[in-house]
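User: Hi! I am new to protein structures and would like to learn how to read one. Could you take me through some features step by step?

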Amino acid sequence: MEKLSIQISSGAIGFSLPDLDVPAFNLEDKIPSHLLRKSPLNLPQTSENEVFRHFFKLSQLNYNIDKGIYPLGSCTMKYNPKINEEVARHPKFLNIHPHSLDEFSQGCLAVIYELSELLKEILGMSEISLQPVAGAQGELAGILIISKYHRTKGEKRNIVLVPDSAHGTNPATATLAGLSTIEIKTIETNGILRAKLVKEEINKYGERIAGLMITNPNTLGIFEEEIYEISQILHEIDAQIYMDGANMNALVGNLKPAKFGIDVMHLNLHKTFSTPHGGGGPGSGAIGVKYHLAKFLPNPRIKKIDNEYKLVYEDEEFSIGRLHSFYGNFSMFVRALVYIRMLSSEGLKFVSQIAVLNANYLRKKLEDIGYRISYNMPTMHEFVLTLKDFKKYNVRALDVAKRILDYGYHSPTIYFPLIVEEAFMIEPTESESKFSLDSYVEVYQKILDEIKENPEILLNAPINTPIGRIDEVKAAKELKVKWQDL
Ligand SMILES: *Cc1c(COP(=O)(O)O)cnc(C)c1O
């Protein structure tokens, strides 16, 4: 295990500066002495070589997409072309001051404008805001927009319908926006939201329903095939349809959500449009709306006026306001724009088709060797297995996930969605080759043999990783964020 930098401190100095040729700045003159530090800071002292090796070794301990397949369901951990990084790091983008005036930022504003135009086309929506900085913040923006839409008409609607196959952020968002969530159970309809279930809720709650929040494809990877009919019956009572579009990797270039009745939705640029993520950011939860909701979008908005790009404040009495300082996470817009431009519409269409093909190939292979799908329906870019059959060997999804790490691969998302017992949610993405998928299946085959012959080995996994199995409950409950020399 690599030591901490303070433990490898050798007293060496990693820099050399020329002697001062001006009088030294005397802190004592400027700062009252009782505020000055008395003892030295005791920072690690290493040579450049030592510190570089230290951080390089640390970087190798972590798993990442450049090491191998990273099939975390719902997260879309796909390959992000390196050229996107290079363009995002261009000094002209990187060094611009966020307060510089519009007239000196035309290139950056053009990126925002161009990307918005392309996303409009991809979603079939009338307007886009790139301001939200996470998928969940995009959801919040969308629900605030729906809420304000009803309030502007003088209506107080406070109910949001959410199927149980939606992402957990959906009901959380509705609650945060001050609305009440009614969960619709889909276990008996094979994980699909059926129009008849929505009709039952309309009969119960009528025009108290502000809207529906639906993840499509849902968290089981299943396309909501009645979405158009559902949107029609909800529109009859003027309820609005919010789509969580974090799973757009399955649809981009093939289907425009506006066409199947969606009024407002978000995209995760950090999933579908190639920004590396994991580790907490940055994110971009761009939202798209149909024309009747456009005036409620956050401010400021990007406009092209007489061939000049401007950030403008409009419809102030309708807008839900500002969601973030400046205008979202700009460098992600650069990556997304490069990604879309490089692939073009044909390329994007192909990406989602391969994402779906890869997921179905992997699903079939795993089913063939004896893993069980949770809901036996056609799936799109991801699928969810249930590992409940292994309970008779005293093995749980967690144990299998930990064992996968021993074979040098990343595990899928586990215990999500909640409507699947011992869930194993796999999303290979379009980035993986047949060879890579076959190697992944081989690991599952080996583990299956182990479960039958020697399940003990799984209970102690992982043993080949820098850190063995951690006590996750203890780690969460007894958080120690300060290093202590033991
Ligand atoms: C990732 C994800 C979200 C949340 O996005 P964040 O950027 O993490 O806030 C919402 N819904 C679905 C389906 C997702 O996969």
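**Reading a predicted model**

User: Is lysine 402 buried or exposed, and why?

Analyst: The general idea is to look at the relative accessible area, where under 20% means buried. Lysine 402 has a relative accessible area of 14%, so it counts as buried.

User: Which residues does lysine 402 touch?

Analyst: Leaving aside residues up to four places away in sequence, lysine 402 touches Ser411, Ala461, Pro462, Arg469 and Glu472. Two of those names come back in our next topic.

User: What should I look for in a peptide bond?

Analyst: Most peptide bonds are trans. In this model, alanine 461 and proline 462 are joined by a cis peptide bond, with omega at about 0°. Proline 462 belongs to the loop between α14 (456-459) and α15 (472-477), and it is also one of the residues that lysine 402 touches.

User: What kind of peptide bond joins asparagine 216 and proline 217?

Analyst: That bond is cis too, and its omega is about -10°. You can find proline 217 in the loop between β4 (209-215) and α9 (227-236).

User: And how do I read phi?

Analyst: Most residues other than glycine have a negative phi. Serine 74 has a positive value, near 75°. Its place is the loop between α2 (48-61) and α3 (82-88). Aspartate 306 also has a positive phi, near 50°, and it lies in the loop between β8 (301-305) and β9 (308-312).

User: Are serine 74 and aspartate 306 buried or exposed?

Analyst: Use the cut-offs again: under 20% is buried and over 50% is exposed. Serine 74 is at 7% relative accessibility, so it is buried. Aspartate 306 has a relative accessible area of 74%, so it is exposed.

User: Now for sheets. In what order do the strands of the open sheet lie?

Analyst: To read a sheet, follow which strand pairs with which. Here 4 strands form an open sheet, in the order β10-β11-β13-β12, with antiparallel pairing. The edge strands are β10 (372-373) and β12 (413-414), and each of them pairs on one side only.

User: How many bridges link β10 and β11?

Analyst: β10 pairs with β11 (residues 383-386) over 2 bridges, in the antiparallel sense. To see this in the model, look for arginine 372, which stands opposite threonine 386 of β11.

User: Let us zoom out. How many helices and strands does the protein have?

Analyst: There are 15 helices and 13 strands. The C-alpha trace spans about 80 × 70 × 45 Å along its principal axes.

User: Which radius of gyration would a compact globule have, and what does the protein have?

Analyst: The idea is to compare the model with a rule based on chain length. With 486 residues, a compact globule would be near 23 Å; the protein has 26 Å, which agrees.

User: What about its inside and its surface?

Analyst: Buried residues make up 49% of the 486 residues. The protein exposes about 24,700 Å², and carbon and sulfur atoms supply 55% of that area. As for charge, it has 54 positive and 60 negative side chains, and the centres of these two sets are 2 Å apart.

Terms used: Residues are numbered from 1 along each chain as its sequence is written. Side-chain values use heavy atoms; hydrogens and water are left out. The radius of gyration is taken over C-alpha atoms; the globule rule is 2.2 Å times the number of residues to the power 0.38. Buried means under 20% relative accessible area, exposed over 50%, partly exposed in between (1.4 Å probe, protein chains only). Accessible areas come from the Shrake-Rupley method with a 1.4 Å probe; for residues, only the protein chains shown count as cover. Lys and Arg count as positive and Asp and Glu as negative; His and the chain ends are not counted. The place of a charge is taken as NZ of Lys, CZ of Arg, CG of Asp or CD of Glu. Two strands pair if DSSP finds at least two bridges between them. Contact means heavy atoms within 4.5 Å.
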